[in-house]
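Below is a short report on one protein model.

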Amino acid sequence: MNAHVLGVGGSAKARKAANSKAVGYGARWGLAARGVLYILIGVLALQIAVGDGGEQADRGGALATLAEQPFGSVMLWVVGIGLVGMALWRLSEAAFGAAGPDGHKASKRALSGARAVFYAFVAYSVLSFAAGESGSGSGDQQSKDVTSRALELPAGQWLVGLAGAGIVVAGVVVAARAAMRKYHKHLKRGEMSRGARRFIDVTGVGGGVARGAVFAVIGFFVARAAVQYDPDEAKGFDDALRTFAETPAGPWLLGLIAAGLALFGIFSFAMARWRKV
C-alpha cells in the first residue's frame, strides 16, 4: 500500500516537473529559435529567387548566415540551447501528455516523442556548428547519402519508397492543418486581441502551407529515388526549394514559397508568445 502511494506520489511529482515553468520557458525559447532558422531560410530562398543567392537555403545556410552577424557565435549558442528546450518540452509531452483535452492520447504522445528526437538532432547539429565543427556537408548531399545507404538495405527500395510517400503525406497534412487553422486549439485566444488573432492567422496559414509544400516536394524526390533506384534523385531542403523555380511559374513561385517560410518563422515567434505549453 505504501509502495503504491509512493509510486503515485512519484508520478505526480514527475508530471508536475514536466509542467513546470522551466519546461514552459524552454518550449517558448525553442519556438523562438525555430523562428530564427525559418526566417533566415526564407531570406536565403528569396535571394535565390532574385538571382542573388550565395548560401544554401537550408539549416546549414541559415547557421552560416547567423554566424556572420555581430555576436553571431553567441546567437548560435542561444538558438542551439533553445532547440534543446524544444526537445525537452516534446519529451515531457511524450512522457506525461501535452496540454489540451486530447494531449494524453497514445498517438499524440508518440508524435511528441518523434518530435523530441527530431529537435534533439537539430539542436545537436546547431550546437556542433556553434562549437566550431564544420558538419558533414550540405543538407542536399546528406539526403543523397542517407538515401544511398538505405537503398543498400534488404528491401531498401521499398523502405525508401515508403519513407518518401510518408514525407509527402506529412507535407500535405502540415499544409492542410495550417489552412484549416488547426493551431487555434493550441492558442491562448482569450488573451489575444483581434489584431493579434488576424496576424497569427496570416503567418500561420501562409507559413504552414509553404512549409508543407516544401516537405511534400522533398518526399516526392525521395520516392522517385526509390523508383529509379538512384540516390542522386533525392533532394534536401535547398534543392527542393530550387525545384520551385524550375516550374512554369519560375522564380516567382520560389519567391512566394520563400516568403511563406519567413512567415512561418514569424508565426513561430507568435506561438512562443501565445501557445499553451
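Is Asp238 buried or exposed? At 1% relative accessibility, Asp238 counts as buried. The cut-off for buried is under 20%. The model discussed here is predicted.

## Overall fold

The protein chain has 10 helices and 0 strands. Read from the N terminus, the order of elements is α-α-α-α-α-α-α-α-α-α. The chain holds 277 residues, and 41% of them count as buried.

Asp238 pairs with Arg242 in a salt bridge. Their closest N and O atoms are 2.7 Å apart. Both residues sit in helix 9, which covers residues 237–245. They are 4 residues apart, so about one helical turn separates them.

The two partners differ in cover. Asp238 is buried at 1% relative accessibility, whereas Arg242 is partly exposed at 29%. The value for Arg242 falls between the cut-offs of 20% and 50%, so the residue is classed as partly exposed.

## Other salt bridges

How many salt bridges does a search of the whole structure find? The search finds 5. Among them is the bridge between Arg90 and Glu93, with the closest N and O atoms 2.9 Å apart. These two residues belong to helix 4 (residues 72–96). They lie 3 residues apart, so about one helical turn lies between them. Arg90 is buried, with 7% relative accessibility. Glu93 is buried as well, with 5%.

Another bridge joins the side chains of Arg224 and Glu233. The N to O distance is 2.9 Å. Arg224 is partly exposed, at 32% relative accessible area. Glu233 has 19%. That value is under the 20% cut-off, so Glu233 counts as buried.

## Aromatic pairs

A search of the whole structure gives 6 aromatic pairs. One of them is Phe118 with Tyr119: the ring centres are 5.1 Å apart and the planes stand at 75°, so the pair is edge-to-face. An angle over 60 degrees is what that label requires. Phe118 is partly exposed at 44% relative accessibility. Tyr119 is buried, with a relative accessible area of 7%.

Phe264 and Phe267 form a tilted pair. Their centres are 5.9 Å apart, with 40° between the planes. Both residues are in helix 10 (residues 251–274). They are 3 residues apart, about one turn of that helix. Phe264 and Phe267 are both buried. They also belong to one aromatic cluster, together with Tyr38 and Tyr183.

## The end of helix 10

Trp274 also has its place in helix 10. Is Trp274 buried or exposed? Trp274 is buried, because its relative accessible area is 15% and the cut-off is under 20%.

The C-alpha atom of Trp274 is separated from that of Ala196 by 9.6 Å. Along the chain, Trp274 and Ala196 are 78 residues apart.

## Nonpolar surface patch

Which residues form the nonpolar patch on the surface? They are Trp29, Phe71, Val74, Met75, Trp77, Val78 and Ile81. Together they have about 700 Å² of accessible area. Helix 4 gives the largest share of this patch, with 5 residues. Helix 4 is also the helix that holds Arg90 and Glu93.

Trp29 has its place in helix 2, which spans residues 21–49. At 40% relative accessibility, Trp29 counts as partly exposed. A residue needs over 30% to join a patch, so Trp29 passes that cut-off.

Arg177 is found in helix 7, residues 156–179. Its relative accessibility is 34%, so Arg177 counts as partly exposed.

Note on methods:
Residues numbered from 1 in each chain as written. Predicted model: local features only at pLDDT ≥ 70, side-chain atom pairs only at ≥ 80, totals over all residues. Heavy atoms only, no water. Buried < 20%, exposed > 50% of the residue type's maximum accessible area, 1.4 Å probe, protein only. Salt bridge = Lys/Arg side-chain N within 4 Å of Asp/Glu carboxyl O. Phe/Tyr/Trp six-rings, centres within 6.5 Å; stacked < 30°, edge-to-face > 60°. Patch = residues over 30% accessible without salt bridge, like charges linked within 9 Å, V, L, I, M, F, W, Y side chains within 5 Å. Areas by Shrake-Rupley, 256 points an atom, 1.4 Å probe, with all protein chains shown as cover.
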